[in-house]
Amino acid sequence: MTQLTDRLQRYSTALQMTPLGIALLLFLIGPIIVILITSFYKFNGFLTIPDVTVKNYVKLFTSGLTLDNYLETIRIAAIVWIVTAVLGFIIAYYLVFDVISLRAKMLLFLLCVVPFWTSGVIRMIAWIPFLGKEGVINRVFMSIGIKDEPLEFLLFSEFAVILSYVHVFTLFMVAPLFNTMARIDPSLIEAARDNGAKGWQILLHVIIPLCKPGIAIGTIFVLSLTLSDFTAVRLLSGANVGTVALSISNQIGSYNFAYSSANSLFLLIVLLLIVGGIMRLVDVRKQL
Amino acid sequence: MSGLVKVKRSNWFYFRSTIFYLFLLFLYGPIAVMTVLSFQGETGGLTFPMRGASLHWFADVFNPSYIGDFRWPWGRSVILALIIMVLTMVISFLAGLAFRKGFRGNVVFFYLVVASLIAPSILISLGIGRMFTSLDMQSAWWSGALGAHLTWTLPFGVLIMLAIFSRFDPRTEEAARDLGATTWQTLKSVIIPITLPGLVGVALFGFTLSYDEFARTSQVSGEHNTLPLELVSVTGTASTPSLYAIGTMTTIFSLLVIGLSFVTLYVIQRRRAGGA
């Protein structure tokens, strides 16, 4: 009897996982296999021809453009990561430790995360009237006399792209940091204080170490989103920024599916290595 | 909490609260400016000054002769988001049930879900597009894009359900069984009601993440655009304040969806408190 129930149990688990399995197989694993195969195809300038050639990879790893794209992407990602981590930490700290009323805490937290459920594209577009040559910032600067000429670097620049990343991605740091920080046992902080630790010592030796999982999860989000984004670059860089994902998107635009497959597969591997490394340091699953 | 309440308000406190409120301004400022500009007068342009105020650009959005006719893309995005919402809820809930019990290979599935979350959107989009082509099929917003959206909404759905079930006391379920409830009754009267707030959350993520998705959809929507694709395609070249008008409307729509989710959560909680 128990054997039968056991068997049913196992059967029900398989049934429950089937829909997710099918979805992942069809739309994640399937496409990756197709990309892997396509990356060995040949492109003759017009058509993608089935073949087994490593030319795409040779081109990828010898092209100076690949290196330039990666350097630029990594530089942007590093800036965005540092800014969002510091900003996210201060915001989470404020919400968890400075705001005392639970109701205010939840309300202010919600204010920080609500934009996540609105359109990222619109939030990127919304920077255009702000940063443009005749935009809000330049008008304000010129009217109070800080500048005589409009600042040109604000829009259609790396600055605009980074600004919009910080704008859209900071909440990916705030939410996990808020989550881990709120779980810190206040008696730990009290104990540190009773033992004579100063404010910065508590921060450095108690709070930040306990926030590591939150920082790790936030980092996974921010890095993977920044490294693979081409929307903000397309909308706000004015062709002044060449990131990996944008160049892949451009290669697709010129129908070079073989090369863009090799290129995007390499990006996936880079991302998996980064995220795998972070997940080795911190047990992400425990945080759920 | 008492230890924290007593923290005296140092200069650092004022520093942190200043940063916080500046961040809120930074978060909402651009969208607020865009909303104001969407009421731009008929002769006004994409930036200030406002040349009067009008609803002209809102009317323009509903004008079929306008180059970006947003009505159909909007309709497609809403229908797709509803389908994705239901699929995400069902698939994530079922997976949550299985993960809770633990099974061989659960770690593999967990990492696949994480991979789905972090995979470059351009790779997913290109891959699904090429997969359709290699099968001699044309991807459309209701097929390829649907799959692309699932790769983005399912990780959130599954991770939320994992979090919900990790707080779920299995003894509740055992108690139901001991009292003679069948598996189906336990599911219907115990598990679903307890996890309902989580499911509402999954619905919110499923709907909004699909409704706003651009990057993963970019190569697979076929000949008919979803709303975010249409928005990106008209940005730059043919921009008029209509773009802001549609931005304002779609933001209000999103806020209504978010509001609805929170009202639902509130009602559930009230009922629970009342019924206990």
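Before looking at any helix pair, I noted that axes are lines fitted to C-alpha atoms, for helices over the stretch in contact, and that angles run from 0 to 180 degrees between N-to-C directions.

I kept in mind that this is a predicted model, in which local features need pLDDT of at least 70, side-chain atom pairs count only at pLDDT 80 or more, and totals for chains, interfaces and linings use all residues. Residues are numbered from 1 along each chain as its sequence is written, while chains are lettered from A and ligands numbered from 1 in the order in which they are written.

I looked up the elements of chain B and found 11 helices and 0 strands, these being DSSP runs (helices H or I, at least four residues; strands E, at least two) numbered from the N terminus.

I then turned to helix α4 (residues 71-101) and helix α7 (residues 144-166) of chain B, whose axes come within 8 Å and cross at roughly 40°. The two helices α4(B) and α7(B) are therefore oblique to each other, since angles under 35 degrees count as roughly parallel, over 145 as roughly antiparallel, 65 to 115 as roughly perpendicular and the rest as oblique.

I next checked burial, where a residue is buried if 20 or more other C-beta atoms, placed from the backbone, lie within 10 Å of its own. Buried residues make up 45% of the 276 residues in chain B, and those of α5(B) include B:Leu112, B:Val113 and B:Ile118.

Lastly, I looked up the division of chain B into domain 1 (2-59) and domain 2 (69-239), with bounds from an automatic or database domain assignment; their centres, taken over C-alpha atoms, are separated by 32 Å.

Definitions and conventions. Buried ≥ 20, exposed ≤ 12 C-beta atoms within 10 Å, placed from the backbone.
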